Amino acid sequence: MLVDLLYFGELRAALGRDSERVDPPSHVLTILDLVAWLSERGADYQAALADRSRICAAIDLEHCPVGDSFFGAREVALFSPVRGL
Amino acid sequence: MIDIRIQKSNFDPGRQLARLEELHAGAVAASLSLVAAGEDVRAVTIEHYPAMAKRELARIAGEAEARWPLTGIILIFRHGRLLPGDRFALIATGARSSAAALEACAYLREQLNARAPFWQRVLPADAAAQAATRLPAAHPREA
């Protein structure tokens, strides 16, 4: 299942990219699964995604808990906590 | 009236509050956010998630409109490079009663603070000096 991944905030800076299209295996169901799968792709991902407490997500433009499934999503965004006012 | 703007350019808070006054509200409340000044901050770059920001701001404004009898809501967020002291965001509400305007403004501020998809990258005050220091080392290779 192809998914467009977008990165914002600290993750964008750490990974040095703002987006990519991925095709995760079928056992990758939730955002946390996705983060774990991405972390296995190399040292840069592992380092950028190491602190799970600072990873937030949105599925198809909606904030979501990282335990949520992204099955059927077209776009998943991963980002550090928002700036605030 | 709900007016939501996400823009690079600066804005005039007085003009925006006057727009709410023109709706004959009994009260106008506002919160103006600035880029915090600090000795170690030369500038910041505000990035955002455009499609989600537009949708999330509209949703939050809709929630406030449903909860309080408002005559108007103005939300303005800036993105791009900003300097300490620059205006970053304006939240303004108009209502017949000051209680409604203030409560709605506080609600909007709280929700936007937690949900508006904007991020800040700080350019440290010594970044330019560091960059300048690095340049001569690279230059001989180009010669």
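Student: What makes the set with L75(B), F77(B) and F88(B) among its members a nonpolar core?

Tutor: In this predicted model, the name calls for buried residues of kinds such as Leu and Phe, joined through side-chain atoms within 4.5 Å. The largest such core has 30 residues, and L75(B), F77(B), F88(B), L108(B), L112(B) and F118(B) touch the most other members. At least two residues each come from β2, β3, α2 (50-67), β4 (70-78), β6 (87-95) and α3 (98-115) of chain B. The largest share, seven residues, is supplied by α3(B).

Student: Which residues does L112(B) contact, leaving aside its neighbours within four places in sequence?

Tutor: They are L85(A), L57(B), I60(B), L75(B), F77(B) and I91(B). Contact here takes heavy atoms within 4.5 Å. There is also another core, lying apart, of 23 residues, including V3(A), V22(A), Y45(A) and C64(A).

Student: Why is S31(B) called buried?

Tutor: Let's set the value against the cut-off. Buried means under 20% relative accessible area, and S31(B) has 13%, so S31(B) counts as buried. This residue is found in strand β2 (residues 27-34) of chain B.

Student: How do you know that S31(B) and R109(B) make a polar contact?

Tutor: Their side chains are joined at 3.3 Å. The limit is 3.5 Å between N or O atoms, one able to donate a hydrogen and the other to accept it, so the pair qualifies. Leaving aside neighbours within four places in sequence, S31(B) is in contact with R109(B) and also with A89(B), L90(B), I91(B) and C105(B).

Student: What makes β3 and β7 of chain B a strand pair?

Tutor: At least two bridges are needed, and β3 (residues 41-48) and β7(B) have seven, in the antiparallel sense, so they pair. One bridge joins H48(B) to F118(B) in β7(B).

Student: Why are β5 and β7 of chain B said to stand at the edges?

Tutor: The open sheet has three strands in the order β5-β3-β7 (chain B), with antiparallel pairing. Both β5 (80-82) and β7 (118-124) have a single partner strand, so one side of each is left without a neighbour in the sheet. From one strand to the next, the twist averages 25°.

Student: How many residues of chain B are in contact with chain A, and how much area do the chains bury?

Tutor: In chain B, 26 residues are in contact with 18 residues of chain A. Between them the chains bury about 1800 Å², 59% of it on carbon and sulfur atoms. On the chain B side, Y49(B), M52(B) and W119(B) lose the most area to chain A, together 36% of what that side buries.

Terms used: Residues are numbered from 1 along each chain as its sequence is written. Chains are lettered from A and ligands numbered from 1 in the order in which they are written. This is a predicted model: local features need pLDDT of at least 70, side-chain atom pairs count only at pLDDT 80 or more; totals for chains, interfaces and linings use all residues. Side-chain values use heavy atoms; hydrogens and water are left out. Helices (H or I, at least four residues) and strands (E, at least two) are DSSP runs, numbered from the N terminus. Axes are lines fitted to C-alpha atoms, for helices over the stretch in contact, and angles run from 0 to 180 degrees between N-to-C directions. Buried means under 20% relative accessible area, exposed over 50%, partly exposed in between (1.4 Å probe, protein chains only). Buried area is the accessible area (1.4 Å probe) that two parts lose on being put together, summed over both.
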